[in-house]
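Please consult the sequence and the model shown here while reading.

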Amino acid sequence: MLRNLLKSVTTRNLRCSIKNNGITSNFINQRSIAPLSTTELALKEEKVKVTFVLYDGKKLETEAKVGDTLLDVVVNNDLNIEGYGACEGTLTCSTCHVVLKKEDYDRLPEEACDEERDMLDLAYGLTDTSRLGCQITLTKDLDGLEVKVPETINDARS
Amino acid sequence: MTFKLLKRAFNSSSYRSGPQVCIVGAGPAGFYAAMHLTKKLKSVNIDILEKLPVPFGLIRYGVAPDHPEVKNVINQFTKVAQQPNVNFYGNITLGKDVHLHQLRQHYDAVLLSYGAEEDKTLGIENEDATNVIAARRFVGWYNGLPSDKDLKVHFVHVMLTYLAEQQLFLVKEMLPLDVARILLMPIDELKKTDITEHALCALSESKLKEVYLVGRRGPLQVAFTIKELREQLKLKNCRTIWNDKDFIDVDKIVPDLPRPRKRLTELMLKSVNENQALTDDDQTKYFKPVFFRSPNKFLVDNNNHLTGIELTCTKLVGDKLEEQRCVPTGEKDIINCNLAFRSIGYKSVQADKDLILKHGVVENNKGIVEDSAGLGKLYVAGWLGTGPVGVILHTMGNAFQVAKVMLENLSSTDNFNKGGFTEIKKIITENNSNVIDWGGWEKIDKFEKDQGKIKGKPREKVCSVEKMIELAKK
């Protein structure tokens, strides 16, 4: 598990450092700045509570490890969210779309990078506080986080 | 496999009492529907029939080879297929090996999800010229689709053109930029992907210098996604040259656009303004989007080889962006080129004589096609029902939606006594003794991965149906 985590942290940093050479980096991505602290926290196996609220109002409450992404949480706890994380956290789909409360969105340590926004632009029910679950890494501060999982129905198409 | 068999034997008594569902087409729509059905209805038995001996449809044959991450969804589909109450039967063609009325006779529900495999034509002069190629077939060729492996593409000349239909504010297929990227990408990068060997060989000898992307409407109506454009703009040794005139006043409209269209347009504008700063060398290739042009006719030499395209210039009329119409201005333009790809959309084929298609899709109401007494209900999901639009996410949403409707109908009765594949197998094996099951696919899969390992790529696809069958039967 720890090895997986380290691996995912490294690949994510790599990914973002590559992708930040992008043509429209009109904001700075924080991700590459503080990778070590995440790992340190994970070593202590700290747990936080996370709740996924499905489109029909059903709540999936779960305990998650600090340092895991929301996608990790869904996969590791075998949460029943259909089709979630099709590309397995490689920023090439938007099936792990979540909607956060404004105050949670604002306090996330990392802003969405261009590639995440590109995928969000294809999601159904995009909001100003939308993020991809694979890009939200849990910190101790986020204990009690509640996110909405929008329906994947094709109402965006005519 | 043994475990699965045991599990199936152990559980089989409980499945006999559940509904028998047949899914035709093992692409994303079929697998997502199966995922939903098995999750919500434990007693269901699902048989997925597929024309090819191998599963995954456009995930395997449509997704560009340099996008391996997109194919990760195969892992989810594999989990679905490995459930004891889901069966894959490959190398079975609807309308040939088995007929729709037979499936409906022996299943409680039949879901058609065989996609849209035929490309639409422009219907203009000389469209049959050598080197006027359907982009869809070209994609099949580099991705190893058996029916396209022998496509003749002559890379002898230097220019290329692309024709892309644009539809307003609609996520359409990403084909144009996928093809342009594969054509312009450094060969060393392609080598590491699962692109077929024959395509790699042909592309490495190509002297191609320029790719035009021709669109009928303007930059505000482009149909590619921002992700594809970003990749295109980042390609090594490739310079994108826009026509500044196409972007007049576009910046004034940008602030009022919805976020996805806004970000896409901003990325184009940024690239338009950056262009001047770059320096070229003899390795540089060029990508040239050309807007407001509609193909009038292909120009050919005495041997019916393509030499160029005559285009009609167009403009958009109307005040509201959403209601603008595209009309010809009367002016003409010519692009000299020796290879052209047509990508103006696909349509589905009529696989079975009992099936009625209108405008290239099977008409349906929330996925329901037909409901006649005594026969299994007929449903449609994916591109066959929606038309060829959207990315995997959209197909997923549609498949879940249709599966939900199927569930409601299947749950309203508990009287299930259809024979399912036991009966269908009798019909199929009269003329076809090569039904490939999941175990067969696993053998093909392993072979492809082993072959790939030798060449330093994720897999080397087997491109012939005969070879696939031979491997599966080993």
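## A helix pair in chain B

α10(B) crosses α12(B) in a left-handed sense, meaning that the near helix is turned anticlockwise from the far one by less than a right angle (clockwise would be right-handed). Helices here are DSSP runs of H or I with at least four residues, strands are runs of E with at least two, and both are numbered from the N terminus. Two packed helices are described by the angle between their axes and the distance between the axes. For α10(B) and α12(B), the angle is about 15° and the axes lie 10 Å apart. α10(B) is therefore roughly parallel to α12(B), a term for angles under 35 degrees. Axes are lines fitted to C-alpha atoms over the stretch in contact, with angles from 0 to 180 degrees between N-to-C directions.

α10(B) contributes I226(B), L229(B), R230(B) and L233(B) to this contact, and α12(B) contributes R263(B), L264(B), L267(B) and S271(B). Residues are in contact if their C-beta atoms, placed from the backbone, lie within 7 Å. By class, the contact of α10(B) with α12(B) has five nonpolar, one polar and two charged residues. Ala, Val, Leu, Ile, Met, Phe, Trp, Tyr, Cys and Pro count as nonpolar, Asp, Glu, Lys and Arg as charged, and the others, Gly among them, as polar.

## Basis of the model

The model is predicted: local features need pLDDT of at least 70 and side-chain atom pairs count only at pLDDT 80 or more, while totals for chains, interfaces and linings use all residues. Residues are numbered from 1 along each chain as its sequence is written, and chains are lettered from A and ligands numbered from 1 in the order in which they are written.

## Domains of chain B

Chain B is divided into domain 1 (3-117 + 348-435) and domain 2 (118-346), with bounds from an automatic or database domain assignment. Taken over C-alpha atoms, the domain centres are 34 Å apart. Domain 1 of chain B gives 15 residues to the contact between them, and domain 2 of chain B gives 21.

Chain A has five helices and five strands, in the order α-α-β-β-α-β-α-α-β-β from the N terminus.

In the contact between the chains, 24 residues of chain A meet 36 residues of chain B. α14(B) supplies the largest share of the chain B side, eight residues. That side comprises 15 nonpolar, 12 polar and nine charged residues.

Conventions
Two residues are in contact if their C-beta atoms, placed from the backbone, lie within 7 Å. Angles under 35 degrees count as roughly parallel, over 145 as roughly antiparallel, 65 to 115 as roughly perpendicular and the rest as oblique.
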